[in-house]
Amino acid sequence: TTEEVGRQLDKFFSLQEARVRGYNDIHNTFKDYIETKESKERILYEETLQRVAQEFRELSKQIIEIEQAFASNRKVVSALIRIIQDNEKVKFENTIKNQMLRIQYEIQQEGEHDPDVEVQLKKDRVVMNEIITAIVDALEELKGIRQDEDK
């Protein structure tokens with residue numbers, strides 16, 4: 001029913017907001033570690049990564065259930081959720097990879113910078129922007145569908 005579609009999409013948007021909070025936690029603890037370079041901040045960063053990775057696994061399970069609920073009768077909605085899910089997976093992997101590179105880069109800041117690391121960081125930013133654009137575009141389409149359900 002239209003009501004059920006709306007409920008499922010609202011749940012999906014809520015799960016996406018939880019992802020945003022997870023990314024904020026990662027970025028904040030990462031920033032604290034990079035700024036202080038203290039071992040206690042690194043431990044907190046690593047613990048946050050592990051916690052958020054687990055949270056994301058749980059969120060993904062719920063999102064896949066929503067995606068599957070739409071698979072038979074709302075293929076466009078299901079496909080948009082799949083696009084977001086696939087891109088979120090790559091976004092998380094790239095976030096971690098990029099942060100590890102940045103840590104390496106910051107450590108080298110004391111001496112000579114590795115130009116290869118600088119180039120890779122720039123490439124990573126381009127890729128991340130493409131991933132985020134794909135996620136935002138699919139989210140906007142889903143929000144439009146959600147609004148249509150209320151009419």
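Predicted model: local features only at pLDDT ≥ 70, side-chain atom pairs only at ≥ 80, totals over all residues.
**Helix α4 and L139**

- Helix α4 has 35 residues and reaches 51 Å from its first C-alpha to its last, which is close to the 51 Å expected at 1.5 Å a residue.
- The buried residues of α4 include V117, L121, D124, M128, I131 and I135, and L139, L142 and I145 are also among them.
- L139 counts as buried because its relative accessible area is 15%, and the cut-off for being buried is under 20%.
- Leaving aside its neighbours within four places in sequence, L139 is in contact with F12, F13, Q16 and I84.
- Although L139 and I83 are 56 residues apart in sequence, their C-alpha atoms are 9.5 Å apart in space.

**The largest nonpolar core**

- The largest nonpolar core has 32 residues, of which L9, F12, I81 and L142 touch the most other members.
- Helices α1 (2-36), α2 (39-70), α3 (75-108) and α4 (115-149) each supply at least two residues of this core, and α1 gives the most, with 11 residues.
- Not counting residues up to four places away in sequence, F12 touches I63, I66, I81, I84, L139 and L142.
- As background, nonpolar side chains tend to be buried together in soluble globular proteins.

**The loop between α1 and α2**

- K37 is found in the loop between α1 and α2, and its phi is near 55°, a positive value in a residue other than glycine.
- K37 counts as partly exposed because its relative accessibility is 41%.

Technical notes: Residues numbered from 1 in each chain as written. Heavy atoms only, no water. Core = buried A, V, L, I, M, F, W, Y, C linked by side-chain atoms within 4.5 Å. Buried < 20%, exposed > 50% of the residue type's maximum accessible area, 1.4 Å probe, protein only. Helix = DSSP H or I, 4+ residues; strand = E, 2+ residues; numbered from the N terminus. Contact = heavy atoms within 4.5 Å. Expected span 1.5 Å × (residues − 1).
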